[in-house]
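Please look over the sequence and the 3D structure shown here before reading on.

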Amino acid sequence: MPKLQGFEFWSRTLGGARHVVAPMVDQSELAWRLLSRRHGAQLCYTPMLHAQVFVRDANYRKENLYCDVCPEDRPLIVQFCANDPEVFVQAALLAQDYCDAIDLNLGCPQMIAKRGHYGAFLQEEWDLLQRMILLAHERLSVPVTCKIRVFPEIDKTVRYAQMLEKAGCQLLTVHGRTKEQKGPMAGTASWEHIKAVRKAVGIPVFANGNIRCLQDVERCIQDTGVQGVMSAEGNLHNPALFEGRSPAVWELAEEYLDIVRQHPCPLSYVRAHLFKLWHHTLQVHQQLREELAKVKTLEGVAAVSQALKLRCQEDMSRQQEGVRPADNLPAFHWICQPYIRPGPREGSKENSGGRSKRALEEEEGSMEGLSKNKLKKQLRNPHKTFDPSLKPKYAKCDQCGNPKGNRCVFNLCRGCCKKRAFRETADCPGHGLLFKTKLEKSLAWKGTQPGLQEAQQDSH
């Protein structure tokens, strides 16, 4: 059967999907995808998978895809991060029989993506991306798609999208934020960029960003002309978003836990989902936040969720008519509703001068005291100091720059010293390496064992 492309692929294979659940690391696992599909999602993505690990590690493949095969979990797109055409295609070939398309992640803006050289940090390397998409398009039996972030300039974003389309991308998801817009600095996604891309390409486009309710989905489709809308944060706080409903939190929490019992996943995933679902209630009943963080079993998590349900029902019984929800929430805390991510502090905004979030946090820590992380470290070790002037100064290894051993005969760190001592059959008492001494002892012992030598000669 010939591989479907573009709009034919979207309409026939994906069923003309308009409501899409985003790929989310440790969050769009099978159980969550099934919950979302029950409540209006028409297409789901797997969490981002590392192509290189997927190729070399059979257990990784089994845990993240092969054991998650489920007839109800289709259509499904598997997303990979990669920066090498061959590795990307090898991973995709191993995954293509378990999904309807392979997606290349070109949108992750996190520091781990910068260190690993993938995601949004490949968006300037157009030659590499062309080779990756072209090779995948030629060798895979399923279509290849891409998820991107925008450039500040609309015209450059359009040329970027057209380049990916020309290389063989069959569907494009456009997150209307730049790679610098993340966390407290996220701001508003630009639907103007998405609209311009949609007009400029001849393949289906999904929009991502600013989606908090079903009305946002409909408005986005109307304003941009896209074929579908992808939700991440909105879906995590209200999996019934695509149904246009805002049910009681415990309704969806209990349904999700039932699915997890049928399709198990790591407890950390479950805990993270319940923190999102119960986010507003946990601001009110904070002691249960600590309990949810500490429990070690699925039934323990379910017990905390049940306790939260009872607290909410008590709050509902005491609710007086005409009283508005607290903290300017659109609904009472026991109702599924969007989470409005707070922006940077006003003081930080005025004084940031373009500095990074990390730099601002460090400066803020130095002015107001230690950060939460450093305070935790100090609780564990009261003698720990964070004053840079009091930190010990280490002499560096002559080869790699790591701290060298104070008593190393070669002025090296232990790793470099071990390699050199082995190569030269030398000793370094400072690192406890005695290659020369052990060899001499071995030879001396053999010299005192004539019977052993004769036996070895006879065997030859």
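Is Lys276 buried, partly exposed or exposed? With a relative accessibility of 25%, Lys276 counts as partly exposed, where buried means under 20% relative accessible area, exposed over 50%, and partly exposed in between (1.4 Å probe, protein chains only). The model is predicted, so local features need pLDDT of at least 70 and side-chain atom pairs count only at pLDDT 80 or more, while totals for chains, interfaces and linings use all residues. Residues are numbered from 1 along each chain as its sequence is written, and side-chain values use heavy atoms, with hydrogens and water left out.

**Salt bridges overall**
- The whole structure holds 17 salt bridges, a salt bridge being a side-chain nitrogen of Lys or Arg within 4 Å of a carboxyl oxygen of Asp or Glu.
- One network of salt bridges links Arg33, Arg37 and Asp73.

**Pairs between helices** (helices are DSSP runs of H or I, at least four residues, numbered from the N terminus)
- Glu255 and Arg38 form a salt bridge at 3.1 Å, N to O, and this pair links distant parts of the chain, 217 residues apart, in helix H12 (residues 249-262) and helix H2 (residues 30-38) respectively.
- Glu255 is buried at 18% relative accessible area, whereas Arg38 is partly exposed at 47%.
- Lys276 and Glu233 form a salt bridge whose closest N and O atoms are 3.5 Å apart; because Lys276 lies in helix H13 (residues 267-277) and Glu233 in helix H11 (residues 233-237), the pair ties together parts 43 residues apart in sequence.

- Asp258 and Arg261 form a salt bridge, with the closest N and O atoms 2.8 Å apart, and both lie in helix H12, 3 residues or about one turn apart.

Definitions and conventions. Helix = DSSP H or I, 4+ residues; strand = E, 2+ residues; numbered from the N terminus.
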